[in-house]
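Let's take a walk through this structure together. Keep the sequence and the 3D view open, and follow along one piece at a time.

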Amino acid sequence: MPAEQRRKRIVSGSQPTGTLHIGNYVGALKSWVGNQDQYECLFLVADMYAIKNPEAIDAAKLREKTLEFAALFLACGIDPNKSTIFIQSQVPAHAQLAWVLSCLTPLERLQRQVYESESGGGVSTGLLLLPVLLAADILLYDTGFVPIGEDQRQHVEFVSYIARRFNSLYAPLMKSPQPLIRKKGTLIMGLDDPTVKMSKSIGATRKGHMIGLLDSAGDIKNAIMSAATDPGNTISFKHSKAGVKNLLVLYEALSGMSRADIEKELKDKSYELLKKHLVDLVADTLRPIQQKYYQIRDNTDYLEAILATGAEHARKIADPRIEMIKGAVGFRTGAKNLD
Ligand code: AMP
């Protein structure tokens, strides 16, 4: 199909460790679902990232988590008839391109990328190389846009740098992707500490930090009702302090209401009432997702068939492209060589 008739392609994903949370939902999954008609979407369960700290996850757990994440993508509304959903390690070109890109990435440039070590036991070479693997995920699919949260802007800048460096060394095969920053509810902070972003790794060790997408109604209630707020009573997007602001941003993202309407509804009300409204809203949002999740997860054959079809489709895009890239760097390939 001529390029101008093709929808723009985007690639997104999540590493299958820990538990997907409400921040992932409003910051990523919800907009992925909304992108499906407008863009040609590839969603990957990024299992190759998960082994960067081998002590943190064993093989059986990773296999299980990979299916859990894929089922949650589907339950949140990713439609396999519209989008490609696949497991990263089932498309070997990701690892092949990551090697080529790691060879042209200066070590100091990598060290500047900020990465929190989840291991506590030192930084593995894999952890250091994560930005390169991310660059490979994106550049492999020749995509113009990467939908990301505000927290990931620096990664896209790094990808652009790698793309430029490849082009200047070899051949102009890499497009610099533009970040597609989501506007509403871009970043949800920890419920227990609104100065840090809600994260899967913190949530694994601190109860009350996050709301997992599979949490029970009781856990949702406990997490929200005990969320950190200040001693004041201001309910305003502009004037409230971080804890209340975080609850309001979540409320806005899930309700679809305007800020003015939310402030009107909660004018002169207590923080407790805001929290109660939010408990209902989160529970109403997650109930149908959880029902769909358990239906899908109980049917492993169905889930694996979707993932196999997804990987096959992804390989159809990735394989000819990696051949071209290999040819450009000087590897002799099965395809016509450049000389
Ligand atoms: P990760 O949890 O790092 O696998 O991220 C998966 C996706 O969720 C990425 O697109 C992130 O930008 C998004 N995300 C992660 N944490 C948050 C958060 N606290 N608020 C909003 N979006 C988030």
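Let's start where α9 passes α12 in a right-handed crossing. Handedness here works like this: a crossing is left-handed if the near helix is turned anticlockwise from the far one by less than a right angle, and right-handed if clockwise. The helix names come from DSSP runs numbered from the N terminus, with helices being H or I runs of at least four residues and strands being E runs of at least two. Before going further, keep in mind that this is a predicted model, in which local features need pLDDT of at least 70, side-chain atom pairs count only at pLDDT 80 or more, and totals for chains, interfaces and linings use all residues. Residue numbers run from 1 along each chain as its sequence is written.

Back to that pair. Two packed helices are described by the angle between their axes and the distance between the axes. Helix α9 covers residues 217-225 and helix α12 covers residues 271-297; their axes come within 9 Å and cross at roughly 145°. Those axes are lines fitted to C-alpha atoms, for helices over the stretch in contact, and the angles run from 0 to 180 degrees between N-to-C directions. On the α9 side the contact is made by Ala217, Ile220, Lys221, Ile224 and Met225, and on the α12 side by Lys275, Leu278, Val279, Val282 and Ala283. Contact means that the C-beta atoms of two residues, placed from the backbone, lie within 7 Å. Sorted by class, the residues where α9 meets α12 are eight nonpolar, no polar and two charged. For that sorting, Ala, Val, Leu, Ile, Met, Phe, Trp, Tyr, Cys and Pro count as nonpolar, Asp, Glu, Lys and Arg as charged, and the others, Gly among them, as polar.

Helix α12 also packs with α10. The axes of α10 and α12 come within 10 Å and cross at roughly 35°, and this crossing is left-handed. From α10 the contact takes Val244, Leu247, Leu250, Tyr251, Leu254 and Ser255, while α12 brings Tyr271, Leu274, Lys275, His277, Leu278, Leu281, Val282 and Thr285. By class, the contact of α10 with α12 comes to ten nonpolar, three polar and one charged residues.

Now zoom out. The domain assignment gives domain 1 (3-182 + 300-329) and domain 2 (200-294), with bounds that come from an automatic or database domain assignment. Taken over C-alpha atoms, the centres of domain 1 and domain 2 are separated by 29 Å. Where they touch, domain 1 puts in 14 residues and domain 2 puts in 16 residues. On the domain 1 side, α1 (22-35) and α3 (59-75) each supply at least two residues, and the largest share, four residues, comes from α1. The side of domain 1 that touches domain 2 has eight nonpolar, five polar and one charged residues.

What about the inside? The largest nonpolar core has 86 residues, and those with the most contacts inside it are Leu72, Phe73, Leu97, Ala135, Ala136, Leu139 and Leu250. Such a core is a set of buried Ala, Val, Leu, Ile, Met, Phe, Trp, Tyr and Cys residues joined through C-beta atoms within 7 Å. A residue counts as buried if 20 or more other C-beta atoms lie within 10 Å of its own, exposed if 12 or fewer, and partly exposed in between, with C-beta atoms placed from the backbone. Helix α6 (residues 125-139) gives the largest share of this core, eight residues. The core draws at least three residues from each of domain 1 and domain 2. As for Leu72, leaving aside its neighbours within four places in sequence, it is in contact with Leu20, Leu213 and Tyr293.

A few single residues are worth a click. Aspartate 142 sits in the loop between α6 and β4 (145-148), and its phi is near 50°, a positive value in a residue other than glycine. Aspartate 142 counts as partly exposed because it has 17 C-beta neighbours inside 10 Å. Aspartate 268, in the loop between α11 (259-265) and α12, has a phi near 60°, again positive in a residue other than glycine. With 7 C-beta neighbours inside 10 Å, aspartate 268 counts as exposed.

Finally, find glutamine 291 in helix α12. Glutamine 291 and alanine 75 are 216 residues apart in sequence, yet 8.2 Å apart in space, C-alpha to C-alpha.
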